[in-house]
Structures are given as structure tokens and as C-alpha cells.
Amino acid sequence: MSRRLERGGRLVLATHNAGKVREVSALLAPWGMQVQGAGALGLPEPAETESSFLGNAAIKALAAAKATGLPALSDDSGFSVASLDGMPGVWTADWAVQPDGSRDYGKAMAEVERQARPFPDRAAWFSCALVLAWPDGHTEGFLGEAHGEWVWPPRGEKGFGYDPIFVPAGEAETFAEMTPERKHAISHRARAFALLAAACLPEPPAA
């Protein structure tokens, strides 16, 4: 049986990515959750040593839960290209890392285009693993995906990461061209969150 959070309770979001903090906080807003990001709390980023999104998300969620004594939610997500055998995948953020430790997603997107350009298959997808962890080590994990195709050149300024080069199936705009509300309705993160909400959040808030 899944363990549920309390409405209006405190929750640590185990990420230093400001874009993810915004998106997940918006998803949790109807439940009145008091969300704090790991970066704002000064928590270190643990090494992500697993080969799956769920495995790496569990590492981060457990580290934040044990460090704070609060339930912690971690998001591990990535961009995969079919013609590159699913790369960058779990190494999505690594492709953006620069020598000084900063991340340049413009260069990361250009690397995707450089490697995938020779292949006619444009299929791509985003994956999102959400893991909710408690200080006692209990975890609940959920995986969502959004399929579509990669495009070039990048389009849009509203998203983050690889959003400017991804058009979801059935849409004409990239994730970075969509309003946040539109993206939240169809994204990989929204799909994973729907599974988490059904299993671990209190009864749905009144409309």
C-alpha cells in the first residue's frame, strides 16, 4: 500500500534546477504543499551513480529526506533520441557540463544535432522519474514519458534544458514555445506526477 503525504505539509524538492523547482511547485500548488528546493537549503548534490532515471531519482530523494528529516521528492529526467540509441538519456545533464562545472544547454542541444543529423529518424522523447522518499528510507517511484521528435534550430524561450528542440507528438510548438500551462498538461513530468498524485497525495482538492 502506498504511503501518502499530508495536505499542506512540508516537502523538500531534491533538485538544484530552478526550472524543475518552478514546474513541480506549480503541480503541487493545489495541495498547499510547502515546498523548498535542495539548493535553497544548501544541500549538496549526491553523485548519481545509477543507470536508470528511477535509480538516480531515488539516490537524490533519499539523501534529501535523511538530511532534513522531511519527505523529499526528486525528479530525474532526460532527453533521448532514437537514432542515438536513446542518448543522452540518463546523461542528459552531463552533456551540458562545461569545464568550469557550469551547464550550457545550447552546446548540449548542438551536440545532439551534430550526432543525429546524418540519420533520417527524428523520433525523440523525454522521460521523467519522480521518487518520493521518507526519512525512514521508504520510497515510492513513478515514470512518465512524452514522445515526439527533435527539431533544429532551437525554437522558443519559455522552457529550459532541451525544451527548444523537442516537439511533442500531435503538436506544432516546441516545449519552449508553449505556455507553462500547456506544457504542464502534456509533459513527461505531468504524466509522472499524475501517477504520484493518485498514489501518494491526499484526496484530490475540490475544483
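The structure described here is a predicted model. The accessible surface of the chain amounts to about 9900 Å², and carbon and sulfur atoms contribute 54% of that area.

Five helices and six strands make up the secondary structure of the chain. Read from the N terminus, these elements follow the order β-α-β-α-β-α-β-β-β-α-α. The radius of gyration is 17 Å, close to the 17 Å given by the globule rule for 207 residues, so the chain is as compact as a globular protein of that length. The C-alpha trace extends over about 50 × 40 × 30 Å along its principal axes. Of the 207 residues, 47% count as buried. When contacts between residues at least 6 apart in sequence are considered, 61% of them join residues at least 24 apart.

Pairing among the strands was examined from β3 onward. Strand β3 (72-81) pairs with β4 in the antiparallel sense, and ten bridges connect the two. Within this pairing, F79 has F126 of β4 as its bridge partner. Strand β4 spans residues 123-133 and is also paired with strand β5, which covers residues 139-150. The β4 and β5 pairing is likewise antiparallel, with eleven bridges between the two strands. In this pairing, C128 is bridged to G144 of β5, and L132 has E140 of β5 as its bridge partner. The β4 and β5 hairpin has five residues between its strands, and in this hairpin G137 adopts a positive phi near 95°.

One of the residue pairs involved is W150 with F166, the latter being the bridge partner in β6. The loop between β5 and β6 contains P153. A cis peptide bond, with omega of about 5°, links W152 to this proline, P153.

Beyond β6, T174 occupies the loop that leads from β6 to α4 (180-186). The relative accessibility of T174 is 0%, and the residue therefore counts as buried, the cut-off for this class being under 20%. Apart from neighbours within four places in sequence, the residues in contact with T174 are V151, R155, D163, P164, F166 and V167. Among these contacts of T174 is F166, the residue that is also the bridge partner of W150.

Two further local features fall in the loop between β3 and α3 (105-116), where P88 is placed and where D85 is also found. A cis peptide bond connects M87 to P88, with omega of about 0°. Most residues other than glycine have a negative phi, and most peptide bonds are trans. The phi of D85, a residue other than glycine, is positive and near 55°. D85 has a relative accessibility of 75% and therefore counts as exposed, a class that begins over 50%.

With neighbours within four places in sequence set aside, the contacts of Q34 are with G8, G9, R10 and L11. Q34 and F193 are 159 residues apart along the chain, and their C-alpha atoms are separated by 17 Å.

How values were computed
Residues numbered from 1 in each chain as written. Predicted model: local features only at pLDDT ≥ 70, side-chain atom pairs only at ≥ 80, totals over all residues. Heavy atoms only, no water. Helix = DSSP H or I, 4+ residues; strand = E, 2+ residues; numbered from the N terminus. Rg over C-alpha atoms; globule rule 2.2 N^0.38 Å. Buried < 20%, exposed > 50% of the residue type's maximum accessible area, 1.4 Å probe, protein only. Contact = heavy atoms within 4.5 Å. Areas by Shrake-Rupley, 256 points an atom, 1.4 Å probe, with all protein chains shown as cover. Pairing = 2+ DSSP bridges.
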